Amino acid sequence: MIRKAFKKKSSQKSKIDTFLEKYHLPKGYLSVNRRMITRGVLIGLFWGFIPMPMQMLAVMATTPFIRFNVPIAISMVWLSNPVTMPPMYYMEYLTGNFILGREGISNIELTLDWFTSHMGDIFVPLYVGTAFYSIVVSTLIYFVLNWLWIKSVKSEKHQREKERRERREKEN
């Protein structure tokens with residue numbers, strides 16, 4: 001399904017192709033296929049789960065090492081935005097405490113003074129939970145998306161074959 005949405009409709013060079021050639025960028029950074037899309041989701045979620053500034057720059061710094069769909073990765077990074085960050089990082093903190101076997105801090109306040117005074121208590125559990133979500137959850141989502149994509153392609157292929165058989169039966 002997704003492949004149909006991104007198919008080129010004309011044989012002439014698009015503005016995107018011209019841009020890629022001008023700056024000598026690989027076309028893979030904008031490719032729409034299973035590998036590039038799922039890798040983009042993996043890289044974007046990996047960096048998106050990490051509490052750090054400028055996550056989009058981290059995605060761009062990854063491009064020389066792994067080929068993936070860069071716009072997809074950047075959009076996945078934005079899953080951690082100012083609205084979703086507090087619950088997301090709190091969940092990572094709780095997960096880190098669970099993994100470490102700690103009880104954690106019970107009376108959390110959303111003030112800068114509170115965070116600066118408790119940074120030592122928060123830092124290690126937060127980043128242990130972050131490592132769990134960045135590595136385990138983003139990899140799990142990668143494999144699930146890969147499986148769903150393959151299943152979708154096989155389903156489309158089966159549907160086309162079924163339609164061809166029905167047409168042949170009607171013709172005969």
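Leu145 is found in helix H8. Helices (H or I, at least four residues) and strands (E, at least two) are DSSP runs, numbered from the N terminus. The model is predicted: local features need pLDDT of at least 70, side-chain atom pairs count only at pLDDT 80 or more, and totals for chains, interfaces and linings use all residues. Residue numbers start from 1 along each chain as its sequence is written, and side-chain values use heavy atoms, with hydrogens and water left out.

- Leu145 is partly exposed, at a relative accessible area of 30%. The classes are buried (under 20% relative accessible area), exposed (over 50%) and partly exposed in between, with a 1.4 Å probe and protein chains only.
- Patch residues have over 30% relative accessible area and no salt bridge; like charges are joined within 9 Å, and nonpolar side chains (Val, Leu, Ile, Met, Phe, Trp, Tyr) within 5 Å.
- Accessible areas come from the Shrake-Rupley method with a 1.4 Å probe; for residues, only the protein chains shown count as cover.
- A salt bridge puts a side-chain nitrogen of Lys or Arg within 4 Å of a carboxyl oxygen of Asp or Glu.
- A surface patch of positive charge gathers Lys154, Lys157, Arg160, Lys162, Arg164, Arg165, Arg167 and Arg168.
- Lys and Arg count as positive, Asp and Glu as negative; His and the chain ends are not counted. Each charge is placed at NZ of Lys, CZ of Arg, CG of Asp or CD of Glu.
- Lys157 belongs to helix H8, which covers residues 119-171. Its relative accessibility is 46%, so Lys157 is classed as partly exposed.

- Beyond four places in sequence, Ser138 is in contact (heavy atoms within 4.5 Å) with Leu42, Leu45, Phe46 and Tyr133.

**The loop between H2 and H3**

- Gly28 lies in the loop between helix H2 (15-22) and H3. Gly28 is buried, at 8% relative accessible area.
- Outside four places in sequence, Gly28 touches Met36, Phe68 and Asn69.
- Gly28 and Trp114 are 86 residues apart in sequence, with 45 Å between their C-alpha atoms.
- Ser31 is in the H2–H3 loop. Past four places in sequence, Ser31 touches Met36, Ile37 and Asn69.
- Ser31 and Pro86 are 55 residues apart along the chain, and 33 Å separates their C-alpha atoms.
- Leu25 is in the loop between H2 and H3. Leu25 is partly exposed, at 33% relative accessible area.
- With neighbours within four places set aside, Leu25 contacts Phe19 and Leu20.

**Phe68, in the loop between H4 and H5**

- Phe68 lies in the loop between H4 and helix H5 (70-77). Its relative accessibility is 0%, so Phe68 is buried.
- Beyond four places in sequence, the contacts of Phe68 include Gly28, Tyr29, Met36, Arg39, Gly40 and Ile43. Val59, Thr62, Thr63 and Ala73 are also among them.
- Phe68 and Pro51 are 17 residues apart along the chain, with their C-alpha atoms separated by 22 Å.

- Met54 is not a glycine, yet has a positive phi of about 55°. Most residues other than glycine have a negative phi.
- Met54 is in the loop between helix H3 (34-49) and helix H4 (55-62). Met54 is exposed, at 59% relative accessible area.
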